[in-house]
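Let's walk through this structure with a few questions and see how each answer comes together.

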Amino acid sequence: MALHKEFAAAGKKPGLQVWRIEKMDLAPVPPELHGDFFTGDSYIVLNTTRAPSYNIHSWFGEEASQDEKGCAAIFMTQLDTHMKGAPIQFSEYQNNESLTFLGYFKSGIKYKKGGVASGFKHVVTNDANIQRLLHVKGRRIIRATEVPMTWDSFNKGDCFIIELGKLIYHWSGSECNFFERLKTTEIAIAIRDNERQGRGELKMIDEGSEPQDVIEVLGPKPDLPSGSSDSDLQTDTRNKNQASLYLISNAGGSMTSTMVADKNPFKQAMLSNSECYIVDNGGDKKIFVWKGSAANQDERNAALTTANLFIKDKNYSPTTQIQILPAGGETTLFKQFFFNWLDKEETTGPSKAYTIGSIAKVKQIPFDASKLHSDDSMAAQHGMVDDGSGKVKIWRVEGGDKVPVDPSTYGQFYGGDCYLVLYSYNSGGREKHIIYTWQGKKCTKDELAASAFLTVRLDDSMGGAATQIRVTQGQEPPHLVSVFKANPLVVHLGGTSRESGESKPGSTRLFHIRRSSTKATRAVEVVPTASSLNTNDVFVLKSPSSLFTWVGKGATPEEKVAAQYVAGLLGGAATEVEESKEPAGFWTALGGKKDYQTSVALQKAVKPPRLFGCSNKTGTLIVSSLSFCINAPKDVGCLLCVDVYVWVGSDANETEKTGSLNIAEQYLNKDPSGRRGVPIATIKLGNEPPSFTGWFHAWDPDMWGKDDAQRLQDLISK
């Protein structure tokens, strides 16, 4: 089959290319409409990086015909062959797309009714008569689906976009949460700026405040039901992390599959470079096909067909995702099923390069139920690519651009700013790069958006080969902290790129110094009040007339050394003060004595504390592990440490309050270390006792001072 003319320029430059299958042919989709998909169609999507590397995706709508699906598969195989088998291939299905695919569309994806057979085309429109209703759903993965323009499509728990000609209404149900409102606003802005070329007018309306032109189309608003549950979040998760490995071969004249191992983790040596394999992760609706570079060409070309036959034989869902991976192009999702996967430039010992096994060991491994265990993401290992002795460059985000930071201040950040940290090191004889995008807790939305854009631009300038790591203040990985050698990472209050210029430091300043379980030391400026103190840590207090180092009873020698460095930054040598032996001038500088965290439990904890979020915004109470900070007062958090706390946010409902308490009790009852009967404390937003806030480094009592509506208005007015 001759190469299609549309593929002649495929992969020639970095970026996204999208084609729709139209009457068994290819038609390009305009860049402004990337992310819009008709539910009756099939698509081919090619993403090219500067490296270059390639991902090819076929996307199938729920109403796409079998003929179109087959045609898309043929075109994807043709494109892969044209690019000499280098791309990674993905099969995507409506409502079941991979995170890789969804990551291309920053404002989420939109499902539109109809398709080629119905006469619908991808065109930029400014039609004054257009009427469309989009139902926006999802917290982490955002999808906007076109639904009938009737009140029957609405509910109280979700957000909708009502398009009436040039007017674009963002409608918020009375039970929707702030995150859903924020994402719906982003989609509405994208419709205005891309589909309407900036000519539409965006308006916010809440349930019950519909304007007359909306009522004229929909009629008077009836009583609406509560939000429906999100079926994606209710799927059985028991087998999501289990997989089997199969060897596929056409040696006998027909394609067959033979089990190599019935459960993961697999050994990398099980893969032969002259063969093709299937990793069966059907429990999570995923199938991976690995193609050895020396494998039979017929086997390589038939990878997609073989995967589809495998799915059919196993009676898996027809929407099971397929990834086809060339040797050397393995994705993280694929590597996770192997024990200690090593890429080709990595080594297994001094000067001994790792190579893929030349002979596959096809061995039946009996299933051993006693070895199954739960996946504890909080116990994940911390990666250190080296000792932090590489080259460092740092820029601050300012006015939508990056401004170099004085090297003498490296390691100092402002909580109201964003920074780009470029780290370069040598590995395997070649230079590699990491871009850390550091985002302060009090930075603006504009700075957040600019930091993401500038990170991509910096990566592109180096050929797209850098590893990008987004870092939130307080969650710095050990490697980033190690870049600043023996000095602690210091975070100042305020910012350097405010509208009124650089914020001025207060006359009295207090820095909280803590060494974490990963041996990373941080010094964070906190509110200068006695309630900020913690018996387990060290603090540096500067007032107009004095400089103190306060040493808590549980402080470590490393924290005391870090305090000396911070004191030097503040202007000189400090007077060391031991807890319970403070002079009157110390308390005067802090505005008087107050209660603070005096429990030594932090130092005696055998296991690190764990934080879980609890929410039933989808209709089902969902519990998920969180990074060790609370960012939004929407739901309920469970802090599980020596003591157990249930933290109740301002918008938590009764189901979340009672359900999270029951979950905390179940957690304790099933703890193998025997914690049944441990008291559980329930605390409310704004009334956290020191025994709770002490577990958080530099707890900020003003974290939720800004009104949700004001945050949304800030976004719209950009």
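Q: What span should helix H3 have at 1.5 Å a residue, and how far apart are its end C-alpha atoms?
A: This is a predicted model, so we're checking computed coordinates. Helix H3 covers residues 178-195, which makes 18 residues. The expected span is 1.5 Å times one less than the number of residues, so H3 should span 26 Å. That agrees with the model, where the end C-alpha atoms are 25 Å apart.

Q: How many of the residues of H3 are buried?
A: A residue counts as buried when its relative accessible area is under 20%. H3 is mostly covered by that cut-off. Out of its 18 residues, the buried ones number 13.

Q: What percentage of the whole chain counts as buried?
A: Now zoom out to the chain, with its 15 helices and 36 strands. It has 718 residues, and the buried part comes to 48%.

Q: Which residues lie closest to the centre of the second largest pocket?
A: This pocket holds about 500 Å³ of space. Its lining has 19 residues, and by class these are nine nonpolar, eight polar and two charged. The closest to the centre are Gln66, Lys69, Tyr93, Asn308 and Pro318.

Methods: Residues numbered from 1 in each chain as written. Predicted model: local features only at pLDDT ≥ 70, side-chain atom pairs only at ≥ 80, totals over all residues. Heavy atoms only, no water. Helix = DSSP H or I, 4+ residues; strand = E, 2+ residues; numbered from the N terminus. Buried < 20%, exposed > 50% of the residue type's maximum accessible area, 1.4 Å probe, protein only. 1 Å grid on protein atoms, 1.4 Å probe; cavity = no way out; pocket = protein on both sides within 12 Å on 5 of 7 lines; lining within 4 Å. Points joined across faces, edges and corners; volume = space filled by probe spheres on them. Nonpolar A, V, L, I, M, F, W, Y, C, P; charged D, E, K, R; others polar.
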